[in-house]
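Please look over this briefing with the sequence and model open.

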Amino acid sequence: MEPEHRDQPHLPAPTLYPVGFAAGIACVLVGLVVSPTVIAPIGGAIAVVFAFFWVRDAAAEYRGVPEPIEPERREAPAVGTAPAAPADVGEAAMPEPEPGERFPRSKFLEASTLGLGGVIGGVVTVPVVAMALAPGFGKQGKHYADLGPLDNFPEGEWKIAHFFIDPKEGEVARRTAYIRYNGTLEGKPSVTIISNRCAHLGCPVQPNGPSFPDATKNLNEGGGQHVTLIKMLPAGGFGCPCHGGQYDQEGNRTAGPPVRSLDRYEYSVRNGHLILGKTYSVAHVDGTGKNALIHKNELAGPGQHIDGWEQIFYPLQPPH
């Protein structure tokens, strides 16, 4: 009869730690897109915790499992001779492990193969992922648009401004804004600067009133910036020709499918020049002109609610 193996190699017991580790990695990848400062660190912590418990359990399964030793084969007794006496029951079935030996050779080779494969996979994957994701989260710099002297904007008069947020990028950086100088408020200039991006699907809105091309002014500012100013009279506010969205002169939605007011530009006045900064989203505006109260929010995409109960469906915004 073939002797029975008392110590057989066995696989680690089923565990949910790999699932938790995978969930943590998924959170990291999603967090890199939607919230690098909140979701990504949480996902990393989850992955580290579950990886620790996973490795600990795997090591515990291997610890103390001796490598099977082939039992000693005995020669069959010759015919007519008495069989050999059986070994004492108290004899050890296998020798004691060598000093310092913890893992059998097969487990060592298995772990080495998996570890080397992981290192090779990381060397191949990490640079590719880094090059794909890093540009979106690196320091891209802030772009400002110099629209020329503030004297080009008479008080109470609307202007259509065509400009470039970064002249080096060419036509893809061309933007349009509707600008009205409101005079001064507490000694500081007040300017209404409304983006022409519709809050429904991002189509360009147009003034609901006449424009005066004969009163066009072209300015060439520093850094290759070219600005075109056209006088207009948006008596009926602004409208989207694509889907019928309508806004008043402060950018508040009055009709149609848009879900909020038109976006606006931050601005400053430097050395008498009107400087445009980044855009931000507006829930709604109370009042008009320099007395307007703007309910400002972080820049959101077209069609996204930023107030009311509907905003719960848009908990996170990708970086801009």
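Is E171 exposed or buried? E171 counts as exposed, at 55% relative accessibility. Here buried means under 20% relative accessible area, exposed over 50%, and partly exposed in between (1.4 Å probe, protein chains only).

This is a predicted model: local features need pLDDT of at least 70, side-chain atom pairs count only at pLDDT 80 or more, and totals for chains, interfaces and linings use all residues. Residues are numbered from 1 along each chain as its sequence is written, and side-chain values use heavy atoms, with hydrogens and water left out.

**Salt bridges**

- The structure holds seven salt bridges. Each is a side-chain nitrogen of Lys or Arg within 4 Å of a carboxyl oxygen of Asp or Glu.
- Side chains of opposite charge can pair when their charged atoms come close.
- E171 pairs with R174, with the closest N and O atoms 2.9 Å apart. R174 counts as partly exposed, at 35% relative accessibility.
- R180 pairs with E250, and their closest N and O atoms are 2.7 Å apart. This pair links distant parts of the chain: R180 is in strand 3, E250 in the loop between strand 9 and strand 10, 70 residues apart. Both R180 and E250 are buried.
- E266 forms a salt bridge with K296, the closest N and O atoms lying 2.9 Å apart. E266 is in strand 11 and K296 in strand 13 (residues 293-297), so the pair ties together parts 30 residues apart in sequence.
- E266 counts as partly exposed at 26% relative accessibility. K296 counts as partly exposed at 46%.
- R180, E250 and R264 belong to one network, joined by salt bridges that share partners.

- Strands here are DSSP runs (E, at least two residues), numbered from the N terminus. Two strands pair if DSSP finds at least two bridges between them.
- Four strands form an open sheet in the order 5-8-9-10, with antiparallel pairing.
- Strand 5 (206-207) and strand 10 (253-255) are the edges. Each has a single partner strand, so one side of each is left without a neighbour in the sheet.
- Two bridges join strand 9 (residues 246-247) to strand 10. Y247 stands opposite R253 in strand 10.

**Positive phi in loops**

- E186 is a residue other than glycine with a positive phi, near 55°. E186 lies in the loop between strand 3 (174-185) and strand 4 (188-195). E186 counts as exposed, at 78% relative accessibility.
- N271, also not glycine, has a positive phi near 55°. Its loop runs between strand 11 (264-270) and strand 12 (273-286). N271 is exposed, with a relative accessible area of 80%.
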